[in-house]
Protein chains: 2
Amino acid sequence: MTPRDASSLAWDKMGGLIPAVVQHAWTGQVLMVGYMNAEALDATLESGFVTFYSRSKERIWRKGETSGNRLSLVSVQADCDGDALLIAARPEGPTCHLGTGSCFATEAGGIAWLDRLSGIVRERAAADAGESYTARLL
Amino acid sequence: MTPRDASSLAWDKMGGLIPAVVQHAWTGQVLMVGYMNAEALDATLESGFVTFYSRSKERIWRKGETSGNRLSLVSVQADCDGDALLIAARPEGPTCHLGTGSCFATEAGGIAWLDRLSGIVRERAAADAGESYTARLL
């Protein structure tokens with residue numbers, strides 16, 4: 001994303017802020033959601049480290065500025081209508097202030113995957129036994 | 001997530017709305033970002049299909065209600081401070097109104113992965129040759 005692309009985003013929909021979803025560049029895990037204003041996006045692109053506008057601090061906030069747990073930028077993509085950003089990043093430590101890799105991983109590691117596996121098994125169990133090996137097993 | 005969990009979310013931070021990131025339950029691809037109010041989250045949990053509050057339509061909007069491209073719910077997780085939701089879903093067709101699987105996949109399929117691969121190669125190339133096979137190759 002270039003500064004020119006950045007200027008065409010839908011900044012007006014939420015008072016100058018756009019939600020930015022940070023995804024681990026290699027694993028695909030969603031790490032956190034923050035907000036960027038145009039200055040934060042510029043700072044992200046220029047510094048190579050994910051930088052937000054903090055609604056609570058009411059200022060530009062480079063993720064990891066205190067903790068050291070920065071998010072090294074890999075890529076920025078806008079969505080189809082320019083009102084959301086998807087950031088691929090390489091985390092330099094736990095992303096969440098609670099010490100977990102993801103702000104969405106408040107359970108002990110791995111539980112989310114168990115949930116997903118359980119979902120797959122439930123889905124397959126309900127499928128036609130002719131089409132699903134799992135359904136035949138159960 | 002139970003209705004009880006839902007009531008403890010930080011609904012007040014954005015006038016009753018919370019951003020909801022939808023991630024493909026099996027591949028991890030981020031499909032879209034929408035907004036939920038409490039009614040939309042209840043409808044999502046009750047119906048098993050991802051339901052938003054549409055800011056443009058100013059009403060509850062079940063994703064796919066017109067196109068048929070619904071998002072079958074797998075799980076809902078709140079983040080550490082309860083002001084963002086991560087939805088794992090199984091899409092029943094292209095999620096984006098442009099016909100792509102993801103609203104963030106406006107490039108032709110696969111380009112995002114090339115970007116990532118390119119990022120990995122750049123990173124490894126800059127690493128110490130004693131630690132990186134790629135650095136030794138280049």
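Me: Before we start, how are things numbered, and which parts count?
Reply: Residues are numbered from 1 along each chain as its sequence is written, while chains are lettered from A and ligands numbered from 1 in the order written. The model is predicted, so local features need pLDDT of at least 70 and side-chain atom pairs pLDDT 80 or more, while totals for chains, interfaces and linings use all residues; side-chain values use heavy atoms, leaving out hydrogens and water.

Me: Thanks! What volume does the largest pocket have?
Reply: About 650 Å³. A pocket here is an open set of points on a 1 Å grid over the protein atoms alone, where a 1.4 Å probe fits, with protein on both sides within 12 Å along at least five of seven lines; lining residues have an atom within 4 Å of a point. Points are joined across faces, edges and corners, and the volume is the space filled by probe spheres set on them.

Me: Which residues are closest to its centre?
Reply: Of the 28 lining residues, those are Met32(A), Ser56(A), Lys57(A), Trp61(A) and Asp81(B).

Me: Which strand gives the most to that lining?
Reply: S2(A) does, with 4 residues. Strands are DSSP runs of E with at least two residues, numbered from the N terminus.

Me: And how does the lining divide by residue type?
Reply: There are 11 nonpolar, 9 polar and 8 charged residues. Nonpolar means Ala, Val, Leu, Ile, Met, Phe, Trp, Tyr, Cys and Pro, charged means Asp, Glu, Lys and Arg, and the others, Gly among them, are polar.

Me: What about the second largest pocket, which residues lie nearest its centre?
Reply: Among its 25 lining residues, Asp81(A), Asp83(A), Met32(B), Val33(B) and Trp61(B) lie nearest the centre. Its volume is about 530 Å³, and S2(B) gives the most to the lining, with 4 residues.

Me: New topic: how can chain B be laid on chain A?
Reply: By a turn of 180 degrees and a shift of 0.1 Å along the axis, with an RMSD of 0.1 Å. That is the relation of a two-fold axis.

Me: Which residue of chain B comes closest to the axis?
Reply: Gly28(B), with its C-alpha at 2.8 Å.

Me: Last one: what lies over the face of Trp61(B)?
Reply: Lys57(B), at 4.9 Å from the ring centre. Likewise, Arg70(B) lies over the face of Phe49(B), at 3.8 Å. This counts if NZ of Lys or CZ of Arg is within 6 Å of the ring centre and within 35 degrees of the ring normal.

Conventions: Least-squares fit on C-alpha atoms with pLDDT ≥ 70 in both.
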